[in-house]
Amino acid sequence: MNTGSHYKLYHFIPWTRMKIYKMLILSVIPTALFYFMDWKWLAIPWVPVALLGTAAAFISGFKNTQTYNRSWEARQIYGAIINNSRSLGILVRDFIRMDDKVQEQAVHQQIIYRHFAWLTALRFQLRETKSWEHVKTKGYNKEFLRYYEVPEWKGKLDEELINFLSDDELKYVLSTKNRATQIIALQSAQLRELNEAGQISAYNYTALENQFKELYDQQGKCERIKNFPYPRQFSSINLYFTNALCFLLPLGFLGEFSKMIEKFGDHIVWLTVPFSILLGWVFLVLEQIGESTENPFEGNANDIPITQISRNIEIDLREILGEKELPPAIQPVNNIVM
């Protein structure tokens, strides 16, 4: 997530420079052929270009709206995870009571730390790369990675989970496919043991189980967004329409500027180049921005900052436990926080 007021041009222009190069080539070649080779037939009426531009604008707007909705839904889900985590911390502290206060504190810590493990496992799962994601495959995204780091790509899950799980639990969780799911299953199993031992009442047991159900729901929603891409047919048609428009733009501008040759001279047709670059850049960048918003968990600079959110939850719950030595909050690097 970018925390600045806006992207600076020295970041944004390099990120989109291949689009500028593309439009430069697409506009210079037909203009040079028109000017030097006298290929007048390259100039076409503006009407078909405008019609195609209208269609491209609609489909680009649709794509950007829908991909933004995916990103916003992902942020809402993690907002619910924040609220459910805080509720869980309060309920664990106040509902699980024992005569032995030391044992009580140990149980509270065990459950809360296991929740940290769930947050950790979930974010590692969400950062796994899928075949349709772009951050590691598109050159402009790979270049932009020099401005930030994705912690889940740099670290190892087992090294982080060892801080929150017992040895037996860690070994079991790492042997499973969906680690986050199994961690909540361990939580539920411990609550059942506490209930059967009479250390937690039936009502409190139900209330705590409902919190884990809510966390399962939020995890499932994250997995739905992660595992179901923005429909490929819509993504493809936007790509095709935009590229077709960018190919025809210089020809349409040639048609318009050629009408001014008698008044301003042959050189007027070279205005095709800057105007084509500017207008084509707008459409190509809209397509690229929509593409970069499709998958809000993949590790893009514009993704949901699940690492920072998980750390903030950890700080809150450690304070609920009464701990004083807290991990530092994650700060943005180059205005980007993951």
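By cavity I mean a set of grid points where a 1.4 Å probe fits but cannot get out, and its volume is the space filled by probe spheres set on those points. Keep in mind that this is a predicted model.

How many cavities of 30 Å³ or more are there? The count is two.

Start with the largest cavity, which holds about 50 Å³ of space. Its lining consists of H11, P14, W15, R17, Y140, E143, F144, R146 and Y147. Helix 1, residues 9-15, and helix 5, residues 139-144, each contribute at least two residues to that lining. Sorted by class, the lining has five nonpolar residues, three charged and one polar.

The second largest cavity has a volume of about 30 Å³. Around it are R70, E133, I225, K226, N295, P296 and F297. Here the classes come out as three nonpolar, three charged and one polar.

Now the helices. Two packed helices are described by the angle between their axes and the distance between the axes. For helix 4, residues 101-126, and helix 10, residues 202-227, the angle is about 10° and the axes are 11 Å apart. Angles under 35 degrees count as roughly parallel, so helix 4 is roughly parallel to helix 10.

Which residues make the contact? From helix 4 they are I111, H115, W118, L122, Q125 and L126. Helix 10 supplies F212, L215, Q219, C222, E223 and K226. By class, this contact between helix 4 and helix 10 has seven nonpolar, three polar and two charged residues. K226 of helix 10 is part of this contact, and K226 also lines the second largest cavity.

Conventions
Residues are numbered from 1 along each chain as its sequence is written. This is a predicted model: local features need pLDDT of at least 70, side-chain atom pairs count only at pLDDT 80 or more; totals for chains, interfaces and linings use all residues. Side-chain values use heavy atoms; hydrogens and water are left out. On a 1 Å grid over the protein atoms alone, a cavity is a set of points where a 1.4 Å probe fits but cannot get out, and a pocket is an open set with protein on both sides within 12 Å along at least five of seven lines; lining residues have an atom within 4 Å of a point. Helices (H or I, at least four residues) and strands (E, at least two) are DSSP runs, numbered from the N terminus. Ala, Val, Leu, Ile, Met, Phe, Trp, Tyr, Cys and Pro count as nonpolar, Asp, Glu, Lys and Arg as charged, and the others, Gly among them, as polar. Axes are lines fitted to C-alpha atoms, for helices over the stretch in contact, and angles run from 0 to 180 degrees between N-to-C directions. Angles under 35 degrees count as roughly parallel, over 145 as roughly antiparallel, 65 to 115 as roughly perpendicular and the rest as oblique. Contact means heavy atoms within 4.5 Å.
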